[in-house]
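Please read them with the model open.

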Amino acid sequence: MVLRPPGGAKDNSIPDAATANALAVGIREHLRRACRPHAVIHLFQAGPMGLSLLLGNRWNRLRPTTVYEDVNAHQVYEKAFVIDA
C-alpha cells in the first residue's frame, strides 16, 4: 500500500503544520482499517521529518510495526527498529 498527500508527492505537498497533522491522522485511520487482518506492519517511509514525527506521535493502537530505513551505501532498505503496539 502506498499512501501520498492528496496533491501527490512533491516538495510543497505539505504546506503547513495543520496539513501535516491532518495527513498523519488520516494515514493512521486508513492503516487501522486496512491492517485489521494482519499481525504486523512493515513501514517504509520517505517524507519530511516533521511529518514522520507527527505520524510517530499518532501511531497508537496499531499493529506491531517494523520500520525500515534506506541505507545509501548498499542501496537497500534495512530494518531500523520495531515499535510494539
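1. The side chains of R28 and E29 make a polar contact at 2.9 Å. A polar contact is a pair of N or O atoms within 3.5 Å; within protein, one must be able to donate a hydrogen and the other to accept it, and residues adjacent in sequence count only if both atoms are side-chain atoms. This is a predicted model: local features need pLDDT of at least 70, side-chain atom pairs count only at pLDDT 80 or more, and totals for chains, interfaces and linings use all residues. Residues are numbered from 1 along each chain as its sequence is written, and side-chain values use heavy atoms, with hydrogens and water left out.

2. R28 sits in helix 1, residues 17-34 (a DSSP run of H or I, at least four residues; strands are runs of E, at least two). R28 is buried, at 12% relative accessible area (buried means under 20%, 1.4 Å probe, protein chains only). Beyond its neighbours within four places in sequence, R28 is in contact with R58, N60 and L62 (heavy atoms within 4.5 Å).

3. The largest pocket holds about 660 Å³ of space (an open set of points on a 1 Å grid where a 1.4 Å probe fits, with protein on both sides within 12 Å along at least five of seven lines; lining residues have an atom within 4 Å of a point). Of its 28 lining residues, V2, L3, I27, F44 and Q45 are closest to the centre. Helix 1, strand 1 (41-44) and helix 2 (49-57) each give two or more residues to this lining.

4. The second largest pocket holds about 240 Å³. Its lining includes W59, Y68 and F81.

Methods: Buried means under 20% relative accessible area, exposed over 50%, partly exposed in between (1.4 Å probe, protein chains only). Grid points are joined across faces, edges and corners, and a volume is the space filled by probe spheres set on the points.
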